[in-house]
Amino acid sequence: MTSTYITTTIPYVNARPHLGHALELVQADALARHYRGRGDRVRFQAGTDDNSLKNVLAAEIAGISVQDFVDANAAAFTGLAQPLSLSVDDVIRTSTDPRHRAGVERLWRACAARGDLYRRHYEGRYCVGCEQFYTDAELPGGRCPDHGTAPELVSEENWFFRLSRYAGQLRALIAGGTIRVEPAGRRNEVLAFIDSGLEDFSVSRGTERARGWGIPVPGDPGQVIYVWWDALGNYLTALDYAGGGEDLRRWWDGAARRVHLLGKGVLRFHAVYWPAILLSAGEAVPTDIAVHGYLTENGRKISKSSGATIDPYDLVGQYGTDAVRWWLLCAVPWGADADFTVDRLVARANDELANGFGNLVNRVVSMIHRYRGGRVPVTPAGAPDATALDAAVRNAPGLIAGALEDFDFRRAAWAARRIADEANRYVNRTRPWDLAKAGDHAELDAVLSALLRACQALGTHLAPFLPDAAARIARQCAPDGAGLLPAPSPLLPRYQEQAYQD
Ligand SMILES: [Zn+2]
């Protein structure tokens with residue numbers, strides 16, 4: 001059986017989650033459900049990055065202990081699994097999970113044994129917002145381009161990782177597609193970065209500057225391991241890397257795919273630093289690095305610090321899981337940025353979910369009840385004039401699989417939508433009510449049965465995108481032991497526009 005390992009990035013928990021986090025989680029969930037449906041053994045891994053210095057600073061401002069602070073925010077992140085219907089298999093928290101610290105230490109020792117870690121004096125400008133050192137050339141006007149703040153000058157002795165040693169190997173792995181970076185524009189960005197010359201990078205900081213928060217460097221308690229080393233390590237530590245047992249064999253070395261899903265802002269860490277650390281430690285590299293864009297809300301950048309963003313819990317509370325998932329999967333072009341507004345979410349929920357899917361299934365089941373007493377019509381194959389509808393049903397699995405191979409969630413969801421569009425057209429063209437009036441029973445049975453097959457296909461093929469609605473559709477279209485369909489009930493609600501309370 002094929003094993004597929006799918007990860008999301010572990011967000012730092014200096015604030016509650018926003019809609020951008022929901023995007024990545026829902027994308028990963030659609031992939032996980034798709035691969036499971038195909039028969040793969042899948043592990044969908046999520047977690048939280050508790051060890052960032054940003055968390056420490058945010059806790060100081062909030063006036064509570066760092067552990068209490070990260071506990072509360074981490075719970076808000078892991079709690080998204082319920083409202084978003086996420087099929088997460090495991091969650092790792094870097095500050096509390098015993099698998100994590102032991103695993104990070106093992107990873108450190110493995111790279112040290114390879115001779116890739118060394119101490120050296122370093123001076124540079126460190127942006128805490130980015131958790132990253134910058135050269136002066138990278139800071140126009142002395143300010144971080146992302147945060148607009150002037151990064152502090154840090155001068156200390158640090159541990160460095162010999163990234164420069166892996167430049168050639170990394171380039172070959174990415175250019176040759178062993179590590180597939182999608183979309184292609186992102187791959188080119190990584191290759192250009194490698195070609196600009198890879199320098200060794202600092203992978204520790206003084207314990208004092210880290211406020212004593214984080215994982216001490218093994219054998220050097222005056223230094224704390226760089227939070228990015230610590231955070232990237234979660235992809236292995238969650239598999240009990242320290243113990244080196246069955247999880248690690250199954251989901252890392254032995255997996256057919258090791259898929260990291262991430263936002264464009266952390267591409268360099270995942271496509272350059274992380275594979276280099278793995279090469280140094282003698283471990284397999286990821287097979288897929290899938291990079292999504294960012295969301296804006298009403299044209300504004302979503303920012304954890306502004307506090308004026310839409311809370312995914314509130315959004316699901318008002319519009320339901322299906323509407324939120326559908327917008328995230330269908331409205332956001334793969335790899336590109338997208339702007340969220342409540343109006344757009346409501347328009348899609350009404351047009352595509354309520355009118356498109358819900359109304360279709362309701363109409364078909366109602367007609368089977370009205371004309372056939374709820375009994376599923378049995379007909380010899382071949383309904384009249386159903387070529388386009390049958391093709392949409394037949395082609396959907398291949399189109400969905402192909403689109404998801406490219407991480408194009410929108411194209412994949414459209415293949416399912418196509419079934420509903422063709423089915424609605426088919427109803428209008430064949431006019432089953434006229435066939436019933438004319439007493440054309442054979443043709444009516446053939447038409448109803450073609451339509452029911454299409455609705456059943458929707459129940460199957462929508463499952464990766466809308467697990468809740470798909471389950472309701474599947475139940476509505478499943479005959480009981482006596483061959484009768486359940487009485488028709490509304491499946492997907494319509495919403496009033498502009499009802500959202502900010
Ligand atoms: Zn910054």
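**Entry 1: a word I need before I start**

I call a residue buried under 20% relative accessible area, exposed over 50%, and partly exposed in between. I'm also noting that this is a predicted model.

I looked up Arg211 and found it in the loop between β9 (204-206) and β10 (216-217). Buried or exposed, or something in between, for Arg211? Its relative accessible area is 45%, so I wrote down partly exposed.

Then I checked the backbone. Arg211 isn't a glycine, yet its phi is positive, about 55°. I flagged that because most residues other than glycine have a negative phi.

Next came Asp240, in the loop between α8 (234-237) and α9 (246-253). Its phi is positive too, near 55°, and Asp240 is not a glycine either. With a relative accessible area of 30%, Asp240 goes down as partly exposed.

**Entry 2: a cis bond**

Which two residues are joined by a cis peptide bond? I found Glu182 and Pro183, with omega at about -5°. I made a note of this one because most peptide bonds are trans. Pro183 sits in the loop between β7 (180-182) and α6 (184-195).

**Entry 3: the zinc ion**

Which residues hold the protein donors of the zinc ion? My list reads Cys127 (SG), Cys130 (SG), Cys144 (SG) and His147 (ND1), and they lie 2.1 to 2.3 Å from the ion. Along the sequence, these donor residues follow the spacing C-x2-C-x13-C-x2-H.

Cys127 and His147 link distant parts of the chain, being 20 residues apart. I placed Cys127 in strand β4 (residues 117-127), and His147 in the loop between β5 (132-134) and β6 (152-161).

Why call the arrangement tetrahedral? The four donor atoms subtend angles of 100 to 118° around the zinc ion, and that makes it tetrahedral. For four tetrahedral donors the ideal angle is 109.5 degrees.

Cys127 has 2% relative accessibility, so it counts as buried. His147 is partly exposed, with a relative accessible area of 40%.

**Entry 4: Pro216**

Last stop was Pro216, which is in strand β10. Its relative accessible area is 25%, so it's partly exposed.

What does Pro216 touch, leaving out residues up to four places away in sequence? I got Arg101, Gln223, Val224 and Ile225. I followed up on Arg101: it is 115 residues from Pro216 in sequence, but the C-alpha to C-alpha distance is 9.3 Å.

Conventions
Residues numbered from 1 in each chain as written. Predicted model: local features only at pLDDT ≥ 70, side-chain atom pairs only at ≥ 80, totals over all residues. Heavy atoms only, no water. Helix = DSSP H or I, 4+ residues; strand = E, 2+ residues; numbered from the N terminus. Buried < 20%, exposed > 50% of the residue type's maximum accessible area, 1.4 Å probe, protein only. Donors = N, O, S within 2.8 Å, 3.2 Å for Na, K, Ca; no water. Tetrahedral: all angles 85-135°; square planar, octahedral: opposite > 155°, others 65-115°. Contact = heavy atoms within 4.5 Å.
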